[in-house]
Number of protein chains: 6
Amino acid sequence: MSRIDGRTPDQLRPVTIERGWSKHAEGSVLISFGDTKVLCTASVTEGVPRWRKGSGEGWVTAEYSMLPRATNTRGDRESVRGRIGGRTHEISRLIGRSLRAVIDYKALGENTVVLDCDVLQADGGTRTAAITGSYVALADAITWAQGRKLVKPGRKPLTGTVSAVSVGIVAGTPLLDLRYEEDVKADTDMNVVCTGDGRFVEVQGTAEAEPFARDELNALLDLAVTGCTELATAQRTALDTVLER
Amino acid sequence: MSRIDGRTPDQLRPVTIERGWSKHAEGSVLISFGDTKVLCTASVTEGVPRWRKGSGEGWVTAEYSMLPRATNTRGDRESVRGRIGGRTHEISRLIGRSLRAVIDYKALGENTVVLDCDVLQADGGTRTAAITGSYVALADAITWAQGRKLVKPGRKPLTGTVSAVSVGIVAGTPLLDLRYEEDVKADTDMNVVCTGDGRFVEVQGTAEAEPFARDELNALLDLAVTGCTELATAQRTALDTVLER
Amino acid sequence: MSRIDGRTPDQLRPVTIERGWSKHAEGSVLISFGDTKVLCTASVTEGVPRWRKGSGEGWVTAEYSMLPRATNTRGDRESVRGRIGGRTHEISRLIGRSLRAVIDYKALGENTVVLDCDVLQADGGTRTAAITGSYVALADAITWAQGRKLVKPGRKPLTGTVSAVSVGIVAGTPLLDLRYEEDVKADTDMNVVCTGDGRFVEVQGTAEAEPFARDELNALLDLAVTGCTELATAQRTALDTVLER
Amino acid sequence: MSRIDGRTPDQLRPVTIERGWSKHAEGSVLISFGDTKVLCTASVTEGVPRWRKGSGEGWVTAEYSMLPRATNTRGDRESVRGRIGGRTHEISRLIGRSLRAVIDYKALGENTVVLDCDVLQADGGTRTAAITGSYVALADAITWAQGRKLVKPGRKPLTGTVSAVSVGIVAGTPLLDLRYEEDVKADTDMNVVCTGDGRFVEVQGTAEAEPFARDELNALLDLAVTGCTELATAQRTALDTVLER
Amino acid sequence: MSRIDGRTPDQLRPVTIERGWSKHAEGSVLISFGDTKVLCTASVTEGVPRWRKGSGEGWVTAEYSMLPRATNTRGDRESVRGRIGGRTHEISRLIGRSLRAVIDYKALGENTVVLDCDVLQADGGTRTAAITGSYVALADAITWAQGRKLVKPGRKPLTGTVSAVSVGIVAGTPLLDLRYEEDVKADTDMNVVCTGDGRFVEVQGTAEAEPFARDELNALLDLAVTGCTELATAQRTALDTVLER
Amino acid sequence: MSRIDGRTPDQLRPVTIERGWSKHAEGSVLISFGDTKVLCTASVTEGVPRWRKGSGEGWVTAEYSMLPRATNTRGDRESVRGRIGGRTHEISRLIGRSLRAVIDYKALGENTVVLDCDVLQADGGTRTAAITGSYVALADAITWAQGRKLVKPGRKPLTGTVSAVSVGIVAGTPLLDLRYEEDVKADTDMNVVCTGDGRFVEVQGTAEAEPFARDELNALLDLAVTGCTELATAQRTALDTVLER
């Protein structure tokens, strides 16, 4: 079976990671997974939410949103509707948890980093692009905080790296990094978040049409680990260049 | 390692499934997993949401909520706060997807079933108890709809059974069906939804403290499949008795 | 005239009061007036709302809610609608005022008790069952607070007992404790809250169809006082047993 | 005991009823009970809410609100807070029920009348002034609707008149028509809505400090009936003049 | 061309300014521009919003609202809809900015004045009437604050006077102070806020149908300055009398 | 006086207009005024809002929003706060009015165009960049609609062009196209929307610190007209190239 865009089943779409996209944010990345484009900004503030004050520990959280016309048909703004939808809530929470998995709160100190992930254009995999890009923005923000001595010298708030990718079974074949057209046809859809050392942070698999068997699950996990490893390399490459501010 | 309540690592808490709890609902179940008690009601209405009208297909959806004092400290009511929290949204969506996995929309016809899962007392595993109990309430509601000829004779809207259980790694040991005290100490927490024939509907694993390796994931999945199989038996036993209305 | 369920006009439905229903709450009661079932939990916290701080006085408040399928047809959740309806507001306020009528704020000290009254099944009289059950939950919560020394030794925060019942005129006959089918046919509907010594805390009478005359009002008040007296006895009996925690 | 403003216990404050206050509304009244001033407008529209369509019956409803500085200290606007408070809800519902008690829905036909009661200045008794003024605005609106043939010739949508007054026990003495300073000191506070023929539409008595006995209740009801009778006369006098449009 | 009400193009409607309308507010004015009637109250409180604390400077803000039946057809209450509309927001902000233009924050000291502008009846020009009336209410409130020593002796928080008027081009003719019927027919609509010394605080011109040329803009500004000058005189006359409290 | 970035008082910042930025929208433009970057998408749908149905006329509306970290310090999301702020409302309305000024509703037919203006990075002049960019996106969307025959052959929905610029008085000097640092120091701030033929659609001038005189107003208008003329040229140049889809 050949994919819409000619990829092999285990091939990612072209990934670009543009650091320093915003002049205001402490870290910012415009990431693209093919036509999916997400702007990830990391905002650092001294202090932590009330429930964490005096703990000596920091906090990292995330908010995900789609521009109304990021998709094929225009969606209502959640600000206009006056409430955040379940999908938005769910993805925001997933991104936050994923990044916190590689944070040493003590090393971060009583600082807060908020990751804003705004989908400028959507073509499947927006949440996985958001996690992958946010990690890079977070790394830049922490470097910034170290430069400002908000983080104590010698402390390393990042304990590892994290990236994410979607996998799914389309017409019986396990595929890596689904585009929107593939996603809507998938029988099973899974988002996997891995650390750079190949362990799992999140595994979220959903049977869209047909329940899936253990060996299908295994095939999907194999693909996802491959994808995350490649994404980790792309993150490392992006971070290897010097960011001018 | 012995568990707080003396269970073995692969042992469920006592499960009770009380059908026909409510005199108004078309299906209703008070389910308990140990001290976790969830009231699941299934409400059948003719017709479907606007976006589905004329399709000849039905719809199944779910809403999850906790009573304010279901937990150890009182939580604010979401109705008073004026908005539904992310966790509630996430669980409601999970329950709905899980049940839809065993529904044949065509066979259901243009009818809607709403599952309300209200947690009367919480001690870990509320979402998995809600899914497991809702399946039974849904089965009763469909029987009711068949009796009323809302569902055409000979059609079987249910294509299988579904149950769910939580698993997690606590102090290095994979455990089945976590109580609250275990849940807060778990390094990895996973909710698994299975069909009665042992396939997966949802797999949601989260590293709470430490990323988890592939073999840990496998051990957790083994436990979960065992637990879901037992729960499927409990569901069958409960449904085998005649429900007087 | 004989009533649907064979009761005489001045007869209550069977009343059950199950204390200690919840393992978490400081006081909890599952009360039933016939098929009406309300779970009342009392949550004690040290401290008072901001406007009362430093007064040396405590506070008691209540929140009432119905599960969506407590009634014959499913109602939307107020949390989903994003706002609390007028009826819910009105009943919550009534329950709070009724219980505060038997509270000595000074004796309670700067502690807050929140009563949550969640209607699990409705068949008329939900607010009166909620008040009657909440009193018992409140009494247990105060005993708990005394045991924990939150309330100073020798102080008695409860100055009396309180119970409530509905009365109404159906087809010209004054009836005690209306079921739902009676309630919808009533020309006049009245909710009466009495103290154990036979005085009034609240009298709320409403002409549903036809204005009512003074002698009809008097007949309804007579019935209500009778009913509240019986309920006070049921409360006392329930509280006479020792509650194991 | 002499009252703050020199009134006898059974004396109303000066009442003024200014009809035709607004040039836009079908009925409008600026009513004052002493320093309490409420603007009541009645808006007539053809048609009824969805749930009543095709019934041949009309509908009457009311909304009550206070201007932010109607009271001694400024209150937040409910529009700014984004939600209506319990007190507002409760009073709006009371006004609507009170007026519907004298409406023949069939005679009104499928028309809707909305009463808006906006308190311009508050000094106790705002809800009773609102009911008393709204009746007059409603009467004018119905006359307007009859003139426009919205109401069929010969049909009388009003089946009677309705007025309301507050009573309370202050320092042991039952008093009629409480001012704010009296209201805050009252042990018992009661709002009574009567028809012009002396029957009751609503009786809402609340023990603010001390439960009240049956004879106290009777004394308050006597006072209230006296007050409502006087208010009915004031309404009749106001309506006797010809309203120029 | 003659105007509906016989005015010349550069003629204001009759203006009345009734001070001391409310017994509670520190400043209050019922202003009318013809049939447009706005109740403006000024509420003084010690202290300032959090973001201004410790600055030694005061704050002045405004909230505008229309009663539901101020207009020809009834509008929904913003409190019932649960959100404030764009027009309301826009006008509230305009009134606040206009009044702050003549305030010396230092001289005011850490006090806050809130202007509430509630439109009781609307016939065009509600925002300009609100600004013009609010200035007078604000002046009275500041006098009150000086009397209470909230404002330090010798300090003058008001640095000038401010008034506002609408102008527009109707059927090719520039007109001053548009009534509603003129407003809806205007090609261009402009609201102008001036200080008493003839300078501009706000100029807001909008092409409703046809873009406007520079000379039309000039003609409108000429008219507006004339109108504001007259309104400044009316404000001065109103403030010249002694206000009894 | 030299400006921060070396511009002369009557010089615009570099303007870039990137058409076809989004693959989904019928028209899309990424516009920059220096460091201010706004993504403008135009979404075309058949049909009009309910209040306009059957009129044969179309509708154009706009929504403006800022990404949380578009500015120097992170702002809360309006979707999270649950309500849209006054500034957002005001700007959305301004953009909509500005574009409608050059629309022939009849020629557009019963189609709706929604302009979404999302500020990706802010450095002053976001609303004027949004209007200027939206015009180009709107032009592309209308061309698209003509290609799809949604707009009837031969009809020209656009009656002209529209662009906008900010001007202000900083330290006594009138300046064109203010950056953020200039904007916060401006005594007077004005936003001007012009048609391509040099007439005014909107003039919004605000005295931030000091009221402004007529000659200052004139100087600002002169500058604004110059700026809008240049922007109209930039729009024309951008639209002259062929947009590949």
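**Exercise 1.** Which side chain does the side chain of A:R87 join through a polar contact of 3.2 Å?

Solution. The model is predicted. Start with the position: A:R87 belongs to helix α2 of chain A, residues 86-100. Next, list its contacts, leaving out residues up to four places away in sequence: A:R87 touches A:Y64, A:M66, A:T126, A:R127 and B:R93. Within this list, the polar contact of 3.2 Å is with the side chain of A:Y64.

**Exercise 2.** Decide whether A:R87 and A:G125 are buried, partly exposed or exposed.

Solution. Buried means under 20% relative accessible area, and exposed means over 50%. A:R87 has 31% relative accessibility, so it counts as partly exposed. A:G125 has a relative accessible area of 16%, so it is buried. A:G125 sits in the loop between β5 (111-121) and α4 (126-147) of chain A. Not counting residues up to four places away in sequence, A:G125 touches A:R13, A:F33, A:T36 and A:L178.

**Exercise 3.** Find what the unreviewed UniProt entry lists as "binding site", and how the residues lie in space.

Solution. The entry lists A:R87, A:G125, A:T126 and A:R127. These residues are spread over 41 residues of sequence, yet they cluster in space, with a largest C-alpha distance of 13.5 Å.

**Exercise 4.** Trace the strand partners of β9 (residues 200-207) in chain E.

Solution. Within chain E, seven bridges join β9(E) to the antiparallel strand β8, residues 188-195. One bridge pairs E:V192 with E:V203. Four residues separate the two strands of this hairpin, including E:G198, whose phi is positive at about 85°. Finally, eight of the eight residues of β9(E) are buried.

Note on methods. Residues are numbered from 1 along each chain as its sequence is written. Chains are lettered from A and ligands numbered from 1 in the order in which they are written. This is a predicted model: local features need pLDDT of at least 70, side-chain atom pairs count only at pLDDT 80 or more; totals for chains, interfaces and linings use all residues. Side-chain values use heavy atoms; hydrogens and water are left out. UniProt positions are given in the numbering used here, feature names are shortened, and annotations may be inferred rather than shown by experiment. Buried means under 20% relative accessible area, exposed over 50%, partly exposed in between (1.4 Å probe, protein chains only). Contact means heavy atoms within 4.5 Å. A polar contact is a pair of N or O atoms within 3.5 Å; within protein, one must be able to donate a hydrogen and the other to accept it, and residues adjacent in sequence count only if both atoms are side-chain atoms. Two strands pair if DSSP finds at least two bridges between them.
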